[in-house]
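Open the model in your viewer and keep the selection panel at hand. Each stop below says what to select and what is there.

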Amino acid sequence: MNKVILEVQQLRKYFPITSGLVMAKVKGWIKAVDGVSFSLNEGETFGLVGESGCGKTTIAKLILLIERPTSGSIRFNGEDIQRLSKKELKEFRCSVQAVFQDPWSSLSPRMRVKDIVSEPIIANRSLSKKAIKDKVAEVLDIVDLSPESTELYPHEFSGGQKQRIAMARALALTPSVIVLDEPVSALDISIRAQVMNLLRDIQAQFGVSYLLIAHDLAVVRYMSSTVGVMYLGKLVEVAKSEELYRYPAHPYTNALLSAALPSHPDVEREEIILHGEVPSAINPPPGCRFHTRCFHTMPICSEVEPPLKEIANGHSVACYLYGQEVSQPW
């Protein structure tokens, strides 16, 4: 088994709801991420999937230190990133890079490609101009962009090419982990497969690990080694990719897969229609957060939160359908 490179333990992020401008008072909390734990292995991809607003992107921001966690820990190579020294923090930021959803807004329209890609190198490494130029040429070649593209501006490229520029910038510092936040959702469907294949080739060549955040189940299945399913700030199921898609355990996972397009038009599957709306993250329901929409709900589901417990080798689910021991509520 590969070494764990990134480990998240009981991660929480609550955003305050305030009233007033001068003497602002906290009236409540938005529980965007509420007790999430998972690990990412070297050279593998962990996919986070769920509806919009479930907390996926907030987790990415916490790992990238764009936001600070309310509680819990994020460990990179065994070290808590919140306790890193200034020098260690700089190295962490070099080792963990990101490719965001929208290449149109993530690239400066006033900078040439050579400046966009070289910017993180200049800011973090002491290299000669020739070494920087060579590194820029190297990463552009990795993402299949021609040497001539260095003198062009982002608006002179297609959407897929813009995302390749963003990938080249992320690779410029030779990172160990890349956070992919909806990396192909803004692209034409005709070029999504090209970008996904390129990402997989880069992973195979350099051993980089990916944290993939997406709502497209087909993308997650194709890219991920392990998948975590999120609902309203919680992980409800974690399993190896093929295991989860063949044998989904949680009722919410079954509903997600039921709503996705089948792999073949002749494939028949049960249609699952969820009733009601996703509850508010300001005041989530007690017990299992999915019980208000679940078609297998039991009395205990509304009283005690089910723990995420392993039901098979590497397959964990938070659901009382699987004989989990009932713990006392907090």
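**Whole chain**

Keep in mind that this is a predicted model. Show the cartoon: the protein has 10 helices and 12 strands. Its radius of gyration is 21 Å, close to the 20 Å that the globule rule gives for 330 residues, so the protein is as compact as a globular protein of that length. Along the principal axes, the C-alpha trace spans about 70 × 60 × 40 Å.

Of the 330 residues, 48% are buried. Take the contacts between residues at least 6 apart in sequence: 63% of them join residues at least 24 apart.

Which residues touch the most other members of the largest nonpolar core? Select Val117 and Ile202; the core has 54 residues. Next, select helix 6, residues 159-171. Helix 6 gives the most to this core, with 6 residues. Elsewhere, a second, separate core of 32 residues includes Ile5, Leu11, Leu48 and Leu235. As background, nonpolar side chains in soluble globular proteins tend to be buried together.

Go back to valine 117 and show its contacts. Beyond its neighbours within four places in sequence, valine 117 is in contact with Val136, Val139, Leu140, Ile165, Ala168, Arg169 and Ala172.

An α-helix has 3.6 residues a turn, so residues three or four places apart point the same way.

**Valine 220**

Select valine 220, in helix 8 (residues 217-223). Is valine 220 buried or exposed? Its relative accessibility is 0%, so valine 220 counts as buried. Setting aside residues up to four places away in sequence, valine 220 touches Gly47, Val49, Leu212, Ala214, Val227, Ser241 and Tyr245. Draw a distance to leucine 48. The C-alpha atoms of valine 220 and leucine 48 are separated by 7.8 Å, though the two residues are 172 residues apart along the chain.

**Aromatic rings**

Show the rings. The count comes to 5 aromatic pairs. Start with phenylalanine 38 and phenylalanine 46. Their ring centres are 4.6 Å apart and their planes are at 10°, so this pair is stacked. Both phenylalanine 38 and phenylalanine 46 are buried.

Move to phenylalanine 76 and phenylalanine 92. Here the ring centres are 5.4 Å apart and the planes are at 75°, so the pair is edge-to-face. Phenylalanine 76 lies in strand 4 (residues 71-76) and phenylalanine 92 in helix 2 (residues 86-95), so the pair ties together parts that are 16 residues apart in sequence. Both phenylalanine 76 and phenylalanine 92 are buried.

Then select Tyr231, Tyr252 and Phe290, which form one aromatic cluster.

**Charges over rings**

Finish with two charge-ring arrangements. Select lysine 13 and phenylalanine 15: the charged end of lysine 13 sits over the ring of phenylalanine 15, 5.1 Å from its centre. Then select arginine 200 and tyrosine 222. The charged end of arginine 200 sits over the ring of tyrosine 222, 4.4 Å from its centre.

Terms used. Residues numbered from 1 in each chain as written. Predicted model: local features only at pLDDT ≥ 70, side-chain atom pairs only at ≥ 80, totals over all residues. Heavy atoms only, no water. Helix = DSSP H or I, 4+ residues; strand = E, 2+ residues; numbered from the N terminus. Buried < 20%, exposed > 50% of the residue type's maximum accessible area, 1.4 Å probe, protein only. Contact = heavy atoms within 4.5 Å. Core = buried A, V, L, I, M, F, W, Y, C linked by side-chain atoms within 4.5 Å. Phe/Tyr/Trp six-rings, centres within 6.5 Å; stacked < 30°, edge-to-face > 60°. Lys NZ or Arg CZ within 6 Å of the ring centre and 35° of its normal. Rg over C-alpha atoms; globule rule 2.2 N^0.38 Å.
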